Amino acid sequence: MAAAGQRRPSLRAVAPVHLLLLMIVVSFGSQAAAVGGAPTWTTALQQHVAYFDTDNDGIVTYSETEAGLRRIGLGAATATAAAALINGVIGPKTRPDNATTSRMDIYIENIQKGIHGSDTGSYDAQGRFVQAKFDEIFIKYAKAEPNALNQTELEEMRHANRGSNDYSGWAASKAEWDMLYSLAKDKDGFLQKDTARAVYDGSLFVTLAQKNGGSSGGN
């Protein structure tokens with residue numbers, strides 16, 4: 001409380017001080033994360049990929065992808081082949097111009113550059129999750145059960161999303177959904193909506209790894 005005769009600072013004078021302090025706190029927190037802690041990823045796609053970044057350096061190597069796929073339930077041969085394909089295709093797309101690491105390394109900060117065509121649109125161009133597009137999958141194709149897809153319905157959905165002559169997109173979409181279905185379908189052969197939703201931010205990977213007795217991955 002100001003003493004008698006003293007002028008109170010105006011809100012106009014105080015506000016910039018508070019904003020400056022806030023900026024310092026935010027800047028310090030960001031630097032601390034970059035120097036000593038795990039990166040804080042903001043988009044769902046970044047969080048999805050960060051599961052595989054076990055050393056939290058922002059880069060997913062081929063060996064990290066292969067180990068992560070094995071943790072969530074893929075066999076050794078399948079995980080090896082899938083990791084080679086994933087990192088071989090996405091790594092060069094996300095690689096900064098000044099990078100000196102392997103061309104197969106995936107840089108999480110640029111992962112939106114690896115988005116393929118013929119998909120559901122549940123990630124936008126920046127890698128953010130689009131709830132309306134995700135809901136649309138089940139509104140259109142979940143016929144046997146309202147909040148789940150069987151294998152036939154998944155195939156119908158994939159074919160409907162195919163872009164003209166987008167052969168690489170078709171292949172990527174098939175590989176992703178086939179893998180998800182094989183690892184996460186329930187005992188009745190349905191991929192539940194909540195389960196599918198969890199793959200978009202990577203939280204499903206943690207669940208699958210724990211189910212298989214493995215570690216929870218990175219970040």
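Predicted model: local features only at pLDDT ≥ 70, side-chain atom pairs only at ≥ 80, totals over all residues.

## The largest pocket

The largest pocket has a volume of about 1100 Å³, and of the 41 residues that line this pocket, His48, Ile90, His116, Ala172 and Glu176 are the closest to its centre. Two or more lining residues come from each of the helices H2 (44-50), H3 (62-71), H4 (76-94), H7 (167-184), H8 (193-200) and H9 (203-211).

By residue type, the lining of the largest pocket divides into 28 nonpolar, 10 polar and 3 charged residues. Helix H7 provides the largest share of this lining, with 11 residues.

## Helix H7

H7 is built from 18 residues and reaches 26 Å from its first C-alpha to its last, which is close to the 26 Å expected at 1.5 Å a residue. Its buried residues are Gly169, Ser173, Trp177, Leu180, Tyr181, Leu183 and Ala184, and what covers them includes helices H5 (131-141) and H6 (151-160), strands E3 (148-149) and E4 (191-192), and also H8 and H9.

## The largest nonpolar core

The largest nonpolar core has 41 residues, of which Leu69, Ile137, Trp177, Leu191 and Tyr200 touch the most other members. At least two residues of this core are supplied by each of H2, H4, H5, H6, H7, H8 and H9, and H7 gives the most, with 5 residues.

When its neighbours within four places in sequence are left aside, Leu69 is in contact with Phe52, Leu74, Ala79, Ala82, Ala83, Ile86 and Met179.

Notes. Residues numbered from 1 in each chain as written. Heavy atoms only, no water. 1 Å grid on protein atoms, 1.4 Å probe; cavity = no way out; pocket = protein on both sides within 12 Å on 5 of 7 lines; lining within 4 Å. Points joined across faces, edges and corners; volume = space filled by probe spheres on them. Helix = DSSP H or I, 4+ residues; strand = E, 2+ residues; numbered from the N terminus. Nonpolar A, V, L, I, M, F, W, Y, C, P; charged D, E, K, R; others polar. Expected span 1.5 Å × (residues − 1). Buried < 20%, exposed > 50% of the residue type's maximum accessible area, 1.4 Å probe, protein only. Contact = heavy atoms within 4.5 Å. Core = buried A, V, L, I, M, F, W, Y, C linked by side-chain atoms within 4.5 Å.
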